[in-house]
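I opened my notebook to go through this one step by step. Here is what I looked up, in the order I did it.

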Amino acid sequence: MKKEIPVDQFMVKASDVWDTGWFLLASGDFKLKHYNCMTVSWGGFGTMWNLPIAMVVVRPTRYTFEFINRYDSFSLCAFSREYRKALSLLGSMSGRDGDKIAASGLIPTAAARIASPVFEQAELRIECRKLYWQDFDPSHFLDSRIQENYASRDYHRMFYGEIVSVTGEEEKYAAKTS
Ligand SMILES: Cc1cc2nc3c(=O)[nH]c(=O)nc-3n(C[C@H](O)[C@H](O)[C@H](O)COP(=O)(O)O)c2cc1C
């Protein structure tokens, strides 16, 4: 059963949830019906300025870029494998070109603490309030493999968000306290 998990008990294996699991990143305002989302697999969780944070990276070419710049929050939702096809669609089609959310079958819904939406079918919902952004500077890349990701020079913008709410299956996402 899904429950709100205290942020200091939230626990994941990073490679499982990012690299192989994928997240749906959404930003905007659910009440205003103005939001977009896209699949992401690069990012992380950690601590900055004594706050629990999620880090995401968004290329300026993404439609979601407009939303995450304009609004003060974003959400990260994880899904079970049965939604892989939906996440592939949301990670290959742009919201600029049609209602990809309707086409995916995923249902946006109000989040607990932020204006950005989360998704009904998600098994994990992480709500973040934006704290910081910075554009990657290629003159700071210290490994030649990094540049291989930027044939079009569309360097990501990195966003840190304070994690203000986590909802998920306790068994899977909460550290055992006793
Ligand atoms: C598995 C997967 C992971 C992705 N990770 C990222 C990412 O971390 N950052 C990014 O900018 N784009 C990423 N993308 C690409 C976007 O999801 C994709 O371009 C999407 O169609 C953008 O949608 P939008 O234009 O509606 O924002 C990923 C795509 C897939 C399929």
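Before anything else I wrote down what pairing means: two strands pair if DSSP finds at least two bridges between them. I also noted that this is a predicted model.

**Entry 1: strand pairing.** I started with strand E5 (51-58). Strand E10 (residues 157-169) is joined to E5 by 6 bridges, and the two run antiparallel. I picked out one partner pair here: Val58 is bridged to Arg157 in E10.

Then I looked for another partner of E5. Strand E4 (residues 43-48) is antiparallel to E5, again with 6 bridges. Here I found Gly43 opposite Val56 in E5. E4 and E5 make a hairpin, with 2 residues between them.

Entry 2: I placed Trp49 in the loop between E4 and E5. Is Trp49 buried or exposed? I counted 9 other C-beta atoms within 10 Å of Trp49, and 12 or fewer means exposed, so Trp49 is exposed.

I came across Arg153 too, with a phi near 55°, which is positive in a residue other than glycine. Arg153 sits in the loop between helix H5 (144-147) and E10. With 7 other C-beta atoms within 10 Å, Arg153 is exposed because that count falls under the same cut-off of 12 or fewer.

**Entry 3: around the ligand.** How many residues surround the ligand? I got 21, and the closest are Tyr63, Thr64, Gly91, Ser94 and Gly95. I sorted the shell by type and got 8 nonpolar, 10 polar and 3 charged residues.

Next I checked where the shell comes from. Strand E3 (34-40), E5 and helix H2 (63-70) each give at least two residues to it. E3 has the largest share, with 4 residues. My strand from the first entry, E5, turns up here again.

**Entry 4: the whole chain.** I zoomed out last. I listed 6 helices and 10 strands. The C-alpha atoms fill a box of roughly 45 × 40 × 30 Å along the principal axes. Why can I call the chain compact? A compact globule of 178 residues would have a radius of gyration near 16 Å, and the chain has 16 Å, so the two agree.

I noted that 32% of the 178 residues count as buried. Of the contacts between residues at least 6 apart in sequence, 71% join residues at least 24 apart.

Definitions and conventions: Residues numbered from 1 in each chain as written. Predicted model: local features only at pLDDT ≥ 70, side-chain atom pairs only at ≥ 80, totals over all residues. Rg over C-alpha atoms; globule rule 2.2 N^0.38 Å. Buried ≥ 20, exposed ≤ 12 C-beta atoms within 10 Å, placed from the backbone. Contact = placed C-beta atoms within 7 Å. Near = placed C-beta within 6 Å. Nonpolar A, V, L, I, M, F, W, Y, C, P; charged D, E, K, R; others polar.
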